[in-house]
Amino acid sequence: MRNPDSLQPKANVDTPQGLAFALTAYVLWGFLPLYMKLLSHISPAEVVAHRVLWSIPIAAVVLIVLRRTDSLREALRNPRMLGMACVTAALISINWGIYVYAIATGNALAASLGYYINPLFSVFLAAVVLGERPSRAQMVAIALAALAVLVIAIDAGQVPWVALTLTVSWGFYALAKKSLPIGPNQGFLLEVLILLIPALGYLAYLSATGQSHFSLSLDRDSWLLVGCGLVTAVPLMIYANGAKLLRLSTIGVLQYIAPTMIFLVAVFVFDEPFDRARMIAFPMIWLALIIYSTSMLRQMRKPKTETTST
């Protein structure tokens, strides 16, 4: 069996393996609301704790099979790296908690909005934090997305905090993750190991107070909670390997698969209301993403064209 971590493209090109990995991950994320809806009667904090707990054996087995444990051991002995991993672990746990809450409370459309906005927020973050200059088209896309959020906020009479919290937490997570000098699979296991202590403490409290939905008799709820490890770890690790084997432009286009599927599930399966404000806001977001993607593809092609002409 070939080691996916050893599959490196010889040039900046898309590979069939990378495309298969990425598509699989995004489709799995797109269907995730259906699974999380089955857990809607359980508190988001308990669901997140089980996502952490049951992700660890899966991630550990994958790293052992791939023989990628050395850098993880080094990270555990490095205080600076551990500190950085604590930041990413905190951000991903917030993102997971809000996402589970959104699905459980009938706000899957807000979740899809949050993940639609995320690429544009990342451009904004890069400009503010890293000093990168966004293109004119990217500025137009960011402005359109901001207007779309404003439309929803005015209609609802409040800030769409679910969508914005998902956007901000994932955006800062991705930014902090870039500073973590460890492979994505190892980084994921390091994050859930850091979250294990508070997760176990919370689950012990629930068990002691009779509030736990997990039982050693392994009833329906227990199996669903154990399955949280699979639906959390598997897509993330599949995506991590796929991202290495695809061009950035390809990843940029494919990333809209998951929020689009979440949107369709919210409207046609969960029957969430698609009111006038959303009918205005979502097309604005889609137009912003078309402008952003077109600009990104042009930027990706420009160095290639310049190299060819010299």
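Predicted model: local features only at pLDDT ≥ 70, side-chain atom pairs only at ≥ 80, totals over all residues.
**Exercise 1.** What span does helix α8 reach from its first C-alpha to its last, and where does a kink lie in it?

Solution. 
- Helix α8 covers residues 184-208, which is 25 residues.
- At 1.5 Å a residue, 36 Å is expected.
- The helix reaches 35 Å, close to that expected value.
- A kink of about 40° lies at leucine 196, shortly before proline 198.
- After α8 comes glycine 210, with a positive phi near 70°.

**Exercise 2.** Determine how α8 and α9 are oriented to each other, and which residues meet.

Solution. 
- Helix α9 consists of residues 220-243, and its axis comes within 9 Å of the axis of α8.
- The two axes cross at roughly 150°.
- Angles over 145 degrees count as roughly antiparallel.
- α8 and α9 are therefore roughly antiparallel to each other.
- On the α8 side, Pro184, Asn185 and Phe188 take part. They meet Thr232, Ala233, Leu236, Met237, Ala240 and Asn241 in α9.

**Exercise 3.** Is serine 112 buried or exposed, and what does its side chain reach?

Solution. 
- Serine 112 is in helix α5, residues 108-129.
- Buried means under 20% relative accessible area.
- Serine 112 counts as buried because its relative accessibility is 0%.
- Its side chain reaches the backbone oxygen of leucine 109 at 2.8 Å.
- Leaving out residues up to four places away in sequence, serine 112 touches Pro259, Ile262, Phe263 and Phe282.

Terms used:
Residues numbered from 1 in each chain as written. Heavy atoms only, no water. Helix = DSSP H or I, 4+ residues; strand = E, 2+ residues; numbered from the N terminus. Expected span 1.5 Å × (residues − 1). Bend = angle between axes of the 7 residues up to and from the residue. Buried < 20%, exposed > 50% of the residue type's maximum accessible area, 1.4 Å probe, protein only. Polar contact = N/O pair within 3.5 Å; in protein donor to acceptor, adjacent residues only side chain to side chain. Contact = heavy atoms within 4.5 Å. Axes fitted to C-alpha atoms, helices over the stretch in contact; angles between N-to-C directions. Parallel < 35°, antiparallel > 145°, perpendicular 65-115°, else oblique.
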